[in-house]
Amino acid sequence: MVKVQECHMFKTCMDCLGANDPYCGWCSLENKCSLRGACAEAAQDPLYWLSYKSGRCTTITEVHPPQIQRTTARILNLVIDNLPALEGQFFCAFSALGKVLVMNATRSANGVNCATPHTDSLPPIPPGEHHFTAKLSVRMKVGPDFVATNFTFYDCSTYTSCTQCVSSDFPCDWCVTGHRCTHDTGENCRNDVLVTGVAVSIQVMLSKV
């Protein structure tokens, strides 16, 4: 048994709930392990202060789409389990390569939706690399990031050979005549011979199962 005043020693939700201490629980939107009385508004929503009996943390379980071409912008749907039903402004924060870009988010039926940052504001992909992984976190107007996951920005145009392009982990295709790797064949490979990427082929095969 851990002394009740030592809840703060647990820095993650899993560690906090895994301690099986009846007095300690995870204050989800404040991102801390604490006594129930030290978690603001805990009485308003059972998901605000999670006890060890629940064994379930606030978690981003899915992001749709799970990754995007760096030169495009998309609306992301973040599926978040055990998100308290509180009113307020949500934000998505993208942290990578020394930059933190914060975007407005809206509450959805299963989590939050937010746009990816403007392409001009994203950091460049490092030389010799084909992608970078950002920490995608969710926060409210006041308080810390309370849940996070990884999100990848890739760039098909960084591949300079057909083999590299079509065998990459990303949905890239090779335009034979144009000798270029692209994420958008409709825009960049019109009337061109196309070699379909492995990642795309796998997705197509799975969709037909």
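These questions and answers cover the fold, strand pairing and salt bridges of a predicted model.

Residues are numbered from 1 along each chain as its sequence is written, and side-chain values use heavy atoms, without hydrogens and water. As this is a predicted model, local features need pLDDT of at least 70 and side-chain atom pairs count only at pLDDT 80 or more, while totals for chains, interfaces and linings use all residues.

User: How many helices and strands does the chain have?
Analyst: Both are DSSP runs, numbered from the N terminus: helices are H or I with at least four residues, strands are E with at least two. On that basis the chain has four helices and 14 strands.

User: What share of the residues counts as buried?
Analyst: Buried means under 20% relative accessible area, exposed over 50%, and partly exposed in between, using a 1.4 Å probe and protein chains only. The chain has 209 residues. The buried share is 42%.

User: What is the strand order in the open sheet of three strands?
Analyst: Two strands pair if DSSP finds at least two bridges between them. E12 (residues 173-175) joins E13 through three antiparallel bridges. Strands E13 (180-182) and E14 (194-195) each pair on one side only, as edge strands. The order is E13-E12-E14.

User: Which residue in E13 stands opposite Trp-174?
Analyst: Strand E12 spans residues 173-175 and runs antiparallel to E13. Opposite Trp-174 stands Cys-181.

User: Which strand pairs with E11 in the parallel sense?
Analyst: E10 (residues 131-140) pairs with E11 over eight bridges, but in the antiparallel sense. There, Ser-137 has Ala-148 as its bridge partner. Three parallel bridges link E11 (residues 147-154) to residues 67-69, which form strand E5.

User: Which residue takes a positive phi in the hairpin of E10 and E11?
Analyst: Six residues lie between the two strands. The phi in question is near 120°. The residue is Gly-143.

User: How far apart are the closest N and O atoms of Asp-145 and Arg-139?
Analyst: A salt bridge puts a side-chain nitrogen of Lys or Arg within 4 Å of a carboxyl oxygen of Asp or Glu. Asp-145 is buried at 19% relative accessibility. Arg-139 is partly exposed at 22%. Their closest N and O atoms are 3D neighbours at 2.6 Å.

User: Which residue forms a salt bridge with Glu-30?
Analyst: Glu-30 is partly exposed, at 23% relative accessibility. The closest N and O atoms are 3.1 Å apart, and the partner is Lys-32.
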